[in-house]
Amino acid sequence: MSAVVSAAEQRARRAGNGDTAPRRPAAVRVTPVADGPLLVEGPVEIVLPDGTVRRSDRPVVALCMCRRSLREPFCDTSHRRRMRRDRDGTGRRE
């Protein structure tokens, strides 16, 4: 009796790879910055609401969270122009 083998399993066997289980992608580190962007370890592909794909090959990508960036979805530090320092040294948005 012969077993049915998927095309992916056949390719894996021909490549000499006996492991046919699907592999999980490597973990991606995402770091939120207080009053700033999300830092994502790159390279990344970002799918925008209209379906277009933006790609960055940088080692770390800053994604805008304040929606003030002219390069959205990437941060261009536009949020800094809207911060005002209080006398006690804390920042607050205007």
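## Close-up views of a predicted model

**View 1. Ser-56 and its surroundings.** Ser-56 touches Pro-43, Val-44, Val-61 and Phe-74, leaving aside residues up to four places away in sequence; contact means heavy atoms within 4.5 Å. The model is predicted, so local features need pLDDT of at least 70 and side-chain atom pairs count only at pLDDT 80 or more, while totals for chains, interfaces and linings use all residues. Residues are numbered from 1 along each chain as its sequence is written, and side-chain values use heavy atoms, without hydrogens and water. Ser-56 counts as buried because its relative accessibility is 10%; buried means under 20% relative accessible area, exposed over 50%, and partly exposed in between (1.4 Å probe, protein chains only). A polar atom of the Ser-56 side chain lies 3.4 Å from the backbone nitrogen of Arg-58.

View 2. Ser-56 is part of strand E4 (residues 53-56). Strands (E, at least two residues) and helices (H or I, at least four) are DSSP runs, numbered from the N terminus. E4 pairs with strand E3 (residues 44-47) in the antiparallel sense over four bridges; two strands pair if DSSP finds at least two bridges between them. Arg-55 in E4 is the bridge partner of Glu-45. Five residues lie between the strands of this hairpin, where Gly-51 takes a positive phi near 95°.

**View 3. The open sheet of three strands.** The strand order is E1-E2-E5, with antiparallel pairing. Strand E1 (30-32) and strand E5 (60-63) are the edge strands, each pairing on one side only. Strand E2 (residues 38-41) and E5 are joined by four bridges in the antiparallel sense. Leu-38 stands opposite Leu-63 in E5.

**View 4. The largest nonpolar core.** Six residues make up this core: Val-40, Val-44, Ile-46, Val-61, Leu-63 and Phe-74. A nonpolar core is a set of buried Ala, Val, Leu, Ile, Met, Phe, Trp, Tyr and Cys residues joined through side-chain atoms within 4.5 Å. E3 and E5 are the elements that give two or more residues to the core. With residues up to four places away in sequence not counted, Leu-63 touches Pro-37, Leu-38, Val-40, Ile-46, Pro-73, Phe-74 and Cys-75.

**View 5. The whole protein.** The protein has one helix and seven strands, and from the N terminus on its elements run α-β-β-β-β-β-β-β. Of its 94 residues, 17% are buried.

Methods:
A polar contact is a pair of N or O atoms within 3.5 Å; within protein, one must be able to donate a hydrogen and the other to accept it, and residues adjacent in sequence count only if both atoms are side-chain atoms.
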